[in-house]
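The stops below take you from one selection to the next.

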Amino acid sequence: MYAAPKIYEDVVVPEPNISMYKVKPIYDDLTVPGTEDVTWARDIEARQDKCLSELELLRQRVLKIEADCCGASENTSKLDVVIGCSVGSPAVYMAAIMARKVNCLIKVFSHSSNTKEVDSTITNKLLCVNNGETDYCGVNIIYKDTAAPYFMACPGRQVAVSGLSNILRYIARERNYVSLYNEADLETAALIDEILSFIDSLEQRCNASASEIGQILNNIAGYIKSSTYLAGDSLSIADIALCCILVSLDSKLVPNTLRTYLSNTIRSNYEMRVLKAFVNWIPHES
């Protein structure tokens, strides 16, 4: 009569997530009496970022060991891509995320066809991604005045892929980033594709009226009402695409729900933290 069910039956062990080690920056809700200097707090956050980076590297090594024993793994070869886009394109921020994820440098060029002024502030931030941590350039950004929003070419193969969503799908497949886009998981992959279709509409209407953009953003926001992320309980290429577009938009167009979502996604994922350098507003405070 005192027998209890075995505790290990029907237990599913969740996959380790780097975000579980992340805590909210301590100076967000903290005021030091008599001073507005939060340098000390930023130093702590910098050390925290370093710890996250080391944890991510450790995670990748563990995944490699598991893959060597059990099967396929992420593609750990050096990334070598060229992304052509217009000035201010969301693809610029996607390039920064991918460079951070594979730990490579970025180079920026302006094609002779480009007629728009290049923001040197953004360029300098791109050049600082992983600077001093690695010695190879895996991402080249070329600003072009082109009708197609973006294109991507692998040097030597010239594989043209247009559109932010398609570029992310291509990279996820080529690098075997199943955690970001697992086509074997039919239900989740279908949901990601559905969300990406909305993001494609937003990308194609970047110069539309505020009301039209707002409607699309509200439709997308509906996917995060019951979850931290757009599709499931972890970061996906849908989240990367949306975050890149949100960063590129006028902050006044972004609803509070998506402001909070963007902030949480940046704080909770190592590769997404690179976007922090390009975001000059904080949810509910701008």
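Start with E212, which is partly exposed at 34% relative accessibility; buried means under 20% relative accessible area, exposed over 50%, and partly exposed in between (1.4 Å probe, protein chains only). This is a predicted model, where local features need pLDDT of at least 70, side-chain atom pairs count only at pLDDT 80 or more, and totals for chains, interfaces and linings use all residues. Residues are numbered from 1 along each chain as its sequence is written, and side-chain values use heavy atoms, with hydrogens and water left out.

E212 and R205 form a salt bridge, with their closest N and O atoms 3.0 Å apart. The term means a side-chain nitrogen of Lys or Arg within 4 Å of a carboxyl oxygen of Asp or Glu.

Next, select K101 and E271, another salt bridge, at 3.4 Å between the closest N and O atoms. K101 lies in helix 2 and E271 in the segment after helix 8 (256-268), so the pair ties together parts 170 residues apart in sequence. Helices (H or I, at least four residues) and strands (E, at least two) are DSSP runs, numbered from the N terminus. K101 is buried at 9% relative accessible area, and E271 is buried at 7%.

Finally, select residues 81-85, strand 1. Is this strand enclosed or open? Five of its five residues are buried, so strand 1 is largely enclosed by the rest of the structure. V81, I83 and C85 point one way, and V82 and G84 the other.
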